[in-house]
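Let's take a friendly walk through a protein model, one feature at a time. Keep the sequence and the 3D view open as you read.

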Amino acid sequence: MILIGYSGHAFVVYGIINATGNKITGYCDTEQKQYNPFNLVYIGKEDSGGAADAFKKDDFFIAIGDNKIRERIQFTMSEKGLFPINAIHPSATIDPSAIIEESGVMIAANATINPLAKISLGVICNTGCIIEHECFVGAFSHIGPGAVLCGNVTIGHRSFVGAGAVIRQGVTVGSNVIIGAGAVVLKDVPDDTTVIGVPAK
């Protein structure tokens, strides 16, 4: 198994994949990291010749928290016929009726995905978040640790929901939105907007 990206977010992904019993042996990044807590082999950038050979033999996961960068890399890899696996912690609770896209989704420890929720490509469901019934999370969005999406919430493309934020049932959050940590969102949020506070403004 290979990680693309090797810093703080990747360390969480390492723990998730390790918990599933799979072994990560190497990483790709823009440069070799001085801090290498898991003693992984540096393979080079993901578009290097050495990495191309490695991807033919091993599965990979894009372990980058930045939504735009993660999307760009996944799109570039998919054009080459290469698709990341999902990284789902064994302690996550996922209802059988939930739909999880099969490419680049991270679901961290103690996350809960409830009935009929839909999780799109490249989404991060971080530690202990709750995604309630019939929610939709758009591609390459990030639901932060401890955040709660109440029922029938829609999250657009590449949006970020900060740690501990709560979004009321039925609310629609647009694309490229940032919701601050601890915010309480009671009404719809348009595209390209940042909201903070209680209630969020």
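## Aromatic pairs

How many aromatic pairs does the structure hold? In this predicted model, the structure holds seven of them. One is formed by F11 and F38, an edge-to-face pair with 5.9 Å from centre to centre and 75° between the planes. F11 belongs to helix α1 (residues 8–19), while F38 sits in the loop between β2 (26–28) and β3 (41–44), so this pair ties together parts that are 27 residues apart in sequence. F11 is partly exposed, with a relative accessible area of 23%, and F38 also counts as partly exposed, at 30% relative accessibility.

Another pair is made by F55 and F60. Here the rings are tilted, with 5.0 Å between the centres and 50° between the planes. Both F55 and F60 are buried.

Now turn to the strands. Seven of them form an open sheet, and their order is β5-β8-β11-β14-β17-β20-β22. The pairing in this sheet is parallel. Which strands are at the edges? They are β5 (87–88) and β22 (194–195), each of which pairs on one side only. As background, strands of a sheet pair through backbone hydrogen bonds, either parallel or antiparallel.

For a closer look, pick strand β17 (residues 160–161) and strand β20 (residues 178–179). These two run parallel and are joined by two bridges. Within β20, I179 is the residue that stands opposite V161.

## The nonpolar cores

In soluble globular proteins, nonpolar side chains tend to be buried together. The largest nonpolar core of this model has 32 residues, and the ones that touch the most other members are I131, I167 and I179. Leaving out residues up to four places away in sequence, I167 touches V148, L149, C150, V153, I155, V161, V173, I179 and V185. Apart from this core lies another one, of 17 residues, with A10, I16, I17 and I24 among them.

V173, one of the residues touched by I167, lies in strand β19 (residues 172–173). V173 is buried, with a relative accessible area of 1%. Setting aside neighbours within four places in sequence, V173 is in contact with T154, I155, G156, S159, I167, I179 and V189. Compare V173 with I196: they are 23 residues apart in sequence, and their C-alpha atoms are 13 Å apart in space.

## A buried asparagine

Where is N126 found? Look in the loop between β11 (124–125) and β12 (130–131). N126 counts as buried, at 10% relative accessibility. The side chains of N126 and H142 are joined by a polar contact of 3.0 Å. Besides H142, the residues touched by N126 include M106, A108, A111, I143, G144 and P145, not counting those up to four places away in sequence.

## The cysteines

How many disulfides does a search of the whole structure find? The search finds zero. C135 is in no disulfide, and the nearest cysteine sulfur, that of C150, is 7.7 Å away. C135 is buried, with a relative accessible area of 1%, whereas C150 is partly exposed, at 22% relative accessibility.

Most residues other than glycine have a negative phi, and most peptide bonds are trans. With that in mind, visit F140, which has a positive phi of about 60° although it is not a glycine. F140 lies in the loop between β13 (136–137) and β14 (142–143), and F140 is buried, with a relative accessible area of 6%.

D192 is not a glycine, yet D192 has a positive phi of about 55°. You can find D192 in the loop between β21 (184–185) and β22. Is D192 buried or exposed? At 59% relative accessibility, D192 counts as exposed. P199 is found in the segment after β22.

Note on methods:
Residues are numbered from 1 along each chain as its sequence is written. This is a predicted model: local features need pLDDT of at least 70, side-chain atom pairs count only at pLDDT 80 or more; totals for chains, interfaces and linings use all residues. Side-chain values use heavy atoms; hydrogens and water are left out. A disulfide is a pair of cysteine sulfur atoms within 2.5 Å. Buried means under 20% relative accessible area, exposed over 50%, partly exposed in between (1.4 Å probe, protein chains only). Two strands pair if DSSP finds at least two bridges between them. Helices (H or I, at least four residues) and strands (E, at least two) are DSSP runs, numbered from the N terminus. A polar contact is a pair of N or O atoms within 3.5 Å; within protein, one must be able to donate a hydrogen and the other to accept it, and residues adjacent in sequence count only if both atoms are side-chain atoms. Contact means heavy atoms within 4.5 Å. Rings of Phe, Tyr and Trp (its six-membered ring) pair if their centres lie within 6.5 Å; planes under 30 degrees apart count as stacked, over 60 as edge-to-face and the rest as tilted. A nonpolar core is a set of buried Ala, Val, Leu, Ile, Met, Phe, Trp, Tyr and Cys residues joined through side-chain atoms within 4.5 Å.
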